[in-house]
Amino acid sequence: MTVVIPIISAAGGVGKTTLSLMLSYVLSPNYRVLLIDMDPTAGLTLRMLGDLTYQRLLSERKSLMDMIRDDEHGNVNIRNYMIYGRQVKSYDDEIILYPQFNEVAVLSPGEGFDEFFAENQNIDVGKMVWKVLHRSGIDGLFDVVIVDTAPFFDKRYTLIALYDVTRAVVVLRPTLTDTNRTNTMINKITGLFRKMDEKVPVFTLVFNFDPNKYVIEAKTLSDVLKVQRIDIENSGRLVSMSITGRTRKVDEMLRRNLEALVKLNNSVIDYFNYVLPHNVRFSDESFPQDNHVIADRRISDNDRAVLQVTLSNLVNRFGIKLNLGYDILTV
Ligand SMILES: Nc1ncnc2c1ncn2[C@@H]1O[C@H](COP(=O)(O)OP(=O)(O)OP(=O)(O)O)[C@@H](O)[C@H]1O
Ligand SMILES: [Mg+2]
């Protein structure tokens, strides 16, 4: 059975695409991975394959949108619409991808989702998209399908990704705004699914943020939910930080939000003890296109450990074992 991992969020720019790429990176040695870019801005496709490649894929009609259109005229084959990491060089010879992406397949979104939604207003678009995907042969070709989405402000992409799944990943920062928005999003999705008599998926929260920017939030997160960072430098900063009135207010409000988020939704939410490491090595400046080839590409032992624990816990929830018998972050 192909495992589908939807990556969703209430707010934008929280790290959905980064997490999608990290997951395919660690899973690709042991599993056949397809990355579906279910975001009309094509953020994942552009970050991984580049601007030139995306334009060439469009001109060759290699995208999800093209596949859905062609399906109206007969059976489609996923192989004609996706691209493997190893093929990128033939589209843009300047792109250097981490070699772990050679066997990762990407399905770009393509253009024209607006028209597609307008034409299918009264149709269950999620059902339709997945029918085409299954017909195209994804089940025989892939063990894991990771679906990166647009933020929930336009809930259509989120809902397509959630079609027929039992679990989804929710990325968020431990901020007042993100916790509020995430709570609202989960309530809306839960309400919609119940109304349609569909089984509500379990949402696994993954916190991702820059702890140097969100110092008090990091501390509150670890106090309230026992979510930790193994980060000596940062905890040093925390100790020395003076508690101002504003800080106390943020701390109090965030405590309430985190408790509300987790307790009120406790039948549909889970999370684990660690967050994603925040490191320039994982940012779009260097991952998965390594633009500046640096001799020593290793990241700190702490970050590597946190990443392994977090991603391994995450995929375990989906019934997948991460093979940690090797150093995943040394290229
Ligand atoms: N763990 C991390 N370490 C370093 N940089 C990160 C990390 N997570 C995210 N970033 C950076 O934060 C920015 C936003 O991340 P990303 O594009 O993955 O978010 P997103 O949720 O996919 O955004 P959007 O909603 O626009 O699709 C990017 O510049 C990315 O490089
Ligand atoms: Mg994105």
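This is a predicted model: local features need pLDDT of at least 70, side-chain atom pairs count only at pLDDT 80 or more; totals for chains, interfaces and linings use all residues.
The buried residues of helix α1 are K16, T17, T18, L19, S20, L21, M22, L23, S24, Y25, V26 and L27. By buried I mean that 20 or more other C-beta atoms, placed from the backbone, lie within 10 Å of the residue's own. Helix α1 is thus mostly covered, with twelve of its twelve residues buried. Helices here are DSSP runs of H or I with at least four residues, and strands are runs of E with at least two, numbered from the N terminus.

Residues are numbered from 1 along each chain as its sequence is written, and chains are lettered from A and ligands numbered from 1 in the order in which they are written.

Helix α1, residues 16–27, reaches 16 Å from its first C-alpha to its last, close to the 16 Å expected; the expected span is 1.5 Å times one less than the number of residues.

What does α1 give to the shell around ligand 1? It gives three residues, the most of any contributor. Of the 18 residues around the ligand, G15, K16, T17, T18 and S283 come nearest; here, near means a backbone-placed C-beta atom within 6 Å.

Turning to the strands, β6 (residues 167–172) and β7 (residues 202–207) pair in the parallel sense over six bridges, where pairing requires at least two DSSP bridges. Residue V169 has T204 as its bridge partner in β7. Three bridges join β7 to the parallel strand β8, residues 269–271, and L205 stands opposite Y271 in β8.
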